[in-house]
Amino acid sequence: MTETPRQRARIETEAQITAIGNRMVDEGGVDGLSLRAIARELGVVSSAVYRYVKSRDELLTILIRDAFTQIADAVDEALAGHRSIETLALAMLTWSQGHPNRWALIYGTPIAGYEAPREETVVPGTRIMVALASLVAESTTGTEAGPGDRVESREAAATSPTSGQGQPGGGAALQPLRDGLAELGLEYDDHVILDTVTIWVAVVGLINGLRFGQFGPGFERLEDELMSGVIGRLGA
């Protein structure tokens, strides 16, 4: 369907608003966001901006969705060159280095009084974790998983009812993750899910520690090496 001039103008204006909002976050964090300031940069009255973005919360949602998409695209591009958990982790780290405030927006402290709408943020926000789960499954089964696949690890086979061994810890606590993966057309056994959660917590936790200065100074040139060491330590 061909876009009308009016539709093209709207798309261009929305892209400008997103770009300006991203720059404001880059320069001053979430506190630097202002719809009035965006209107001034666009050369329009404040009321005109509200035709595109109804509130500051809606602007936050747009920027969060955009940040999730950007980091996931960066990870996908890296994985296209080499599929490994280390590649995924290093791509996340590199993106966080270039966009520390956007990283804080999506993986940092929750914004007081704001709740991201699930229907707009879950899919872009889970792309990397889904990719990680696929990589974990590949490492245990040797096959790549896709939507509609049920992936069972070697450990799951070893803990089947006939094996006499116990199931991994997590049980009912993993059900929300099982349900979330099922919504995306994926089904993994609990071993894959637990391994994915363990690696995810390690990667995001390490990046948060580095971006928010929790480890102190001196890591500027060692971040990649540290991340690779953590991934290696996990056996991933």
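Tutor: In this predicted model, the largest pocket has a volume of about 580 Å³. Of the 25 residues that line this pocket, the closest to its centre are Val122, Gly125, Thr126, Met129 and Leu177.

Student: What makes a residue count as part of the lining of a pocket?

Tutor: A lining residue has an atom within 4 Å of a point of the pocket. Helices α6 (100–107), α7 (118–141), α9 (175–183) and α10 (190–211) each supply at least two such residues, and the largest share, nine residues, comes from α7.

Student: How many residues of the lining are nonpolar, polar and charged?

Tutor: The lining has 17 nonpolar, five polar and three charged residues.

Student: Why are Leu35, Ala37, Ile38 and Ala39 of helix α2 called buried?

Tutor: Buried means under 20% relative accessible area; these four residues of α2 (residues 35–42) are buried, so each has a value under 20%. Their cover includes α1 (5–28), α3 (46–49) and α4 (56–81).

Student: Which residues have the most contacts inside the largest nonpolar core?

Tutor: They are Leu88, Met92, Tyr107 and Ile128, in a core of 57 residues. The largest share of this core, 11 residues, comes from α4.

Technical notes:
Residues numbered from 1 in each chain as written. Predicted model: local features only at pLDDT ≥ 70, side-chain atom pairs only at ≥ 80, totals over all residues. Heavy atoms only, no water. 1 Å grid on protein atoms, 1.4 Å probe; cavity = no way out; pocket = protein on both sides within 12 Å on 5 of 7 lines; lining within 4 Å. Points joined across faces, edges and corners; volume = space filled by probe spheres on them. Nonpolar A, V, L, I, M, F, W, Y, C, P; charged D, E, K, R; others polar. Buried < 20%, exposed > 50% of the residue type's maximum accessible area, 1.4 Å probe, protein only. Contact = heavy atoms within 4.5 Å. Core = buried A, V, L, I, M, F, W, Y, C linked by side-chain atoms within 4.5 Å.
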